[in-house]
Amino acid sequence: MSLRRTTATARRVLEQLRHDPRTIALMLVMPCVLITLLKWTFDASPHEFQAIGAALLGIFPFIIMFLVTSVSMLRERTSGTLERLLTMPLAKGDLLGGYALAFGAVALVQALLVSALTIGPLGLSVAGPAWAVVLVAVLDALLGTALGLFTSAFARTEFQAVQFLPAFVLPQLLLCGLFTPRDQMQTALHWVSDVMPLSYAVDAMDKITSRSAVTGALIADLAIIAGAGGLALALGAVTLRRRTE
């Protein structure tokens, strides 16, 4: 990999996003809209919002970035752009690294916006530092980006890319501990949830909302989320195809 080629790819992707206001609105505005709707839904039961608001603060960016990046990379293949790029001295790692860098910058803005809204006007109470909430939200968005880039290699059409959303995301959503504590699940489901990175995202948010100190357990959760994202990017580089037949 080359840092120069990776940053050049990131600039190209950001330039494309700059000319696509609908995608920018989806990534930056939609998480804020969703978390606001959630707050209004539980307006009569504020303790319910307190219980799940922080977790969804990380889950919403994860889902949106997964969807956007999987479709974006597929378009690169189907349009022939990817094939032309890889005829130049551009490694697959440079390409995926550039995408991760570009969407990581968007994820940072996204996390700052939604975290400021949730902790501020929406009144979510967080015992831990606010920067930790932002960090988890960014890592969740980057994880969604990495998984989206990885799964796009197995899709031939945009419809197939969207189909990976229920296949890869919904099982994690059901087993991550959002609806019921993981230690109260059946043993087999608990084991499955242990290998799903979104479980550690929810665990991290729960620790931040309930504890004022940054503990070793929280750092371990963050490391697992980051490691899962790095592994997905590495697998994406291995499975990436130049074009879609």
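Is Asp221 buried or exposed? Asp221 is buried, at 6% relative accessibility, where buried means under 20% relative accessible area, exposed over 50% and partly exposed in between (1.4 Å probe, protein chains only). This is a predicted model, in which local features need pLDDT of at least 70 and side-chain atom pairs count only at pLDDT 80 or more, while totals for chains, interfaces and linings use all residues. Residues are numbered from 1 along each chain as its sequence is written, and side-chain values use heavy atoms, with hydrogens and water left out.

**Salt bridges**

- The whole structure holds four salt bridges, each a side-chain nitrogen of Lys or Arg within 4 Å of a carboxyl oxygen of Asp or Glu.
- Lys207 and Asp221 form one of them, at 2.9 Å from N to O.
- This pair links distant parts of the chain, with Lys207 in helix α11 and Asp221 in helix α12, 14 residues apart; helices are DSSP runs (H or I, at least four residues), numbered from the N terminus.
- Lys207 is buried as well, with a relative accessible area of 16%.
- Arg182 and Asp194 meet at 2.7 Å, N to O.
- Arg182 sits in the loop between α9 (170-175) and α10 (187-194) and Asp194 in helix α10, so the pair ties together parts twelve residues apart in sequence.
- Arg182 is buried at 12% relative accessibility, whereas Asp194 is partly exposed at 31%.
- Within helix α1 (residues 3-18), Arg18 and Glu15 lie three residues apart, about one turn of the helix, and their side chains form a salt bridge of 2.6 Å, N to O.

- Not counting residues up to four places away in sequence, Ile59 touches Asp140, Leu173, Cys176, Leu178, Leu198 and Val202, contact meaning heavy atoms within 4.5 Å.

**Cysteines**

- Cys176 is buried at 0% relative accessibility, and Cys32 is buried at 15%.
- The count of disulfides is zero, a disulfide being a pair of cysteine sulfur atoms within 2.5 Å.

Key:
Helices (H or I, at least four residues) and strands (E, at least two) are DSSP runs, numbered from the N terminus.
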